[in-house]
Amino acid sequence: MKKVAIVDGFSSGKFMAKALYEKGCYLLHIASKSDLHSYYYKGFDYSIYQEHHVHDTIEDTVNFLKKQEVEFIIAGSESGVSLADELNNHFELNYKNDFAKTSARRNKYEMIDTLKKCEIPVAEQGKFSDWSTAEQWIKAFNNFPVVLKPLESAGSDGVYICKDVHSAKEAFHKILGKSNKLNICNHQVLIQEFLNGTEYVVNMVSLNRHQLITEVVKYKKRKLDTGSIIYDIDDIIDSSYSEYNVLVEYTRKVVIALGIFNGPSHAEVMLTPDGPKLVEIAARIDGILRPTIAKLTTDLGQISAAAMSVVEPENFHKAIQREAYTLINHSYNVCLINHRPGIFTANDFMAELKKLPSFCEAIFYVDEGDEIEITKDVFSQPGTVYLVHHDKNVIQQDYEKIRRMEELGGYLKPI
């Protein structure tokens, strides 16, 4: 029985924890902080863990893990990546990443700077702690729009696309000095070149520097009137698409350059007219994944592959040797976008969803009767609807029906 500690086993990390539990692992949970945003605890299952520990000091957590004789320490979500790295470095476990690059895997400026030094194509950028210096950089760069974001965040939290100096100044002051959803204070603001093109996700799982490609996904995002960015659709593709190989080969270089040698990685890559350029990468599982959907689309998926890399390394290496995955069915992950404040109710909405030919699953991040606000970021999106079908036209039609239902307040109680 392998002993595995999961740091912040939230988001899709809870599904990886369940997969490890079902493979007979002895699980321990570590919460990186006592005051994590309640968003992360939605659907969290304490029952699969033998013990739960809230991190306070590194000495305290190290002593807890020493007593347990832990063999693997894995980040379940973005908030746990840094602590997992620190603990892996302390125990010198084999299933770990390059600790010298730990900051570059979280700090978005260092991330891009590290790749640039490795001569991997990336966006132009600067980081600033005062507006006057930031304004000088923007005017000298003179190429709008520009992207402003925190140095360390997750899920498009605090990301703004700005079309002029005025909107950039507004975004700068919205970010600087504020605490993001990971409870990290934004002491500096990152400003980057806006990358024109189509954005993709490339998900991998690594074991001893060898990568298994689990999903390549075409993103569709929306820019709100505020300038912030939210998710719209995730559309999975496979190696039959012309862009697949160039995205995969670029991301392999990124993963190695940033020292991600073991475990999952979730890269957002813009395919520009000049080729792929990294938006950002995280050393953890893609937060929107569900094992049920992976089984219907690729027959494996990142969650199952990550569990396999821990418990069944021989089978994992065999999977690497096989050809790239082929889609069994197409899928859209439709991220819900609420248009007005109200009281959430799922019953009528679910009844309509179940009539859609491609409907597979719906996950809500709010509870029945909760007051919900207008969607302004990933943390205020009320849920995700998963559509799966062999005919992509059917999925597109069902997607359009969902958006029409939303416009009519489909999951809001009538006034």
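This is a predicted model: local features need pLDDT of at least 70, side-chain atom pairs count only at pLDDT 80 or more; totals for chains, interfaces and linings use all residues.
User: Which hand does the crossing of helix 5 and helix 6 have, left or right?

Analyst: Right: helix 5 and helix 6 make a right-handed crossing. Residues are numbered from 1 along each chain as its sequence is written, and side-chain values use heavy atoms, without hydrogens and water.

User: How do the axes of helix 5 and helix 6 lie, in angle and distance?

Analyst: The axes of helix 5 and helix 6 (residues 165-175) cross at roughly 145° and come within 11 Å. Axes are lines fitted to C-alpha atoms, for helices over the stretch in contact, and angles between N-to-C directions run from 0 to 180 degrees. Helices are DSSP runs of H or I with at least four residues, strands are E runs of at least two, and both are numbered from the N terminus.

User: Which residues of helix 5 and helix 6 meet?

Analyst: From helix 5 come Trp131, Ala134, Glu135, Ile138 and Lys139, and from helix 6 Val165, Ala168, Lys169, Phe172 and His173. Sorted by class, that contact has six nonpolar, one polar and three charged residues. Contact means heavy atoms within 4.5 Å. As for the classes, Ala, Val, Leu, Ile, Met, Phe, Trp, Tyr, Cys and Pro are nonpolar, Asp, Glu, Lys and Arg are charged, and the others, Gly among them, are polar.

User: Why are helix 1 and helix 9 called oblique to each other?

Analyst: Helix 1 (residues 13-22) and helix 9 (residues 302-311) pack at about 45°, with axes 9 Å apart. Angles under 35 degrees count as roughly parallel, over 145 as roughly antiparallel, 65 to 115 as roughly perpendicular, and the rest as oblique. Helix 1 and helix 9 are therefore an oblique pair. Helix 1 also passes helix 9 in a right-handed crossing. Phe15, Met16, Ala19 and Leu20 of helix 1 make this contact with Ile303, Ala306, Ala307, Val310 and Val311 of helix 9. Those residues divide into nine nonpolar, no polar and no charged.

User: What makes helix 9 and helix 10 oblique too?

Analyst: Helix 9 and helix 10 (residues 313-321) have axes 6 Å apart and an angle of about 130°. By the angle rule, helix 9 and helix 10 are therefore oblique. In this contact, Ala305, Met308, Ser309, Val310 and Val311 of helix 9 meet Pro313, Asn315 and Phe316 of helix 10. Six nonpolar, two polar and no charged residues take part.

User: Why do strand 3 and strand 4 count as edges of their sheet?

Analyst: Their sheet is an open one of four strands in the order 3-2-1-4, with parallel pairing. Strand 3 (51-54) and strand 4 (72-75) each have a single partner strand, so one side of each has no neighbour in the sheet. The twist averages 25° from one strand to the next.

User: How do you know that strand 1 and strand 2 pair?

Analyst: Pairing takes at least two DSSP bridges between two strands. Strand 1 (residues 3-7) and strand 2 (residues 26-31) have five bridges, in the parallel sense. Ile6 stands opposite His29 in strand 2. Helix 2 (residues 58-68) packs on this sheet, touching strand 1, strand 2, strand 3 and strand 4, and its direction makes about 175° with that of strand 2.

User: What is the strand order in the sheet of eight strands?

Analyst: That open sheet runs 13-12-9-10-11-14-18-16, and the pairing is antiparallel. Strand 13 (275-282) and strand 16 (359-364) are the edge strands, each pairing on one side only. Inside the sheet, strand 9 (residues 198-207) and strand 12 (residues 263-272) pair over nine bridges in the antiparallel sense. Glu199 stands opposite Met270 in strand 12. Helix 7 (residues 244-257) packs on the sheet, touching strand 9, strand 10 (210-223), strand 12 and strand 13, with its direction at about 110° to that of strand 10. Helix 9 packs there as well, touching strand 9, strand 10 and strand 12, and its direction makes about 20° with that of strand 9.

User: What makes the peptide bond from Phe144 to Pro145 stand out?

Analyst: That bond is cis, with omega near 0°. Most peptide bonds are trans, and most residues other than glycine have a negative phi. Pro145 is found in the loop between helix 5 (131-141) and strand 6 (146-150). Asn208 has a positive phi, near 50°, and is found in the loop between strand 9 and strand 10.

Terms used
A crossing is left-handed if the near helix is turned anticlockwise from the far one by less than a right angle, and right-handed if clockwise.
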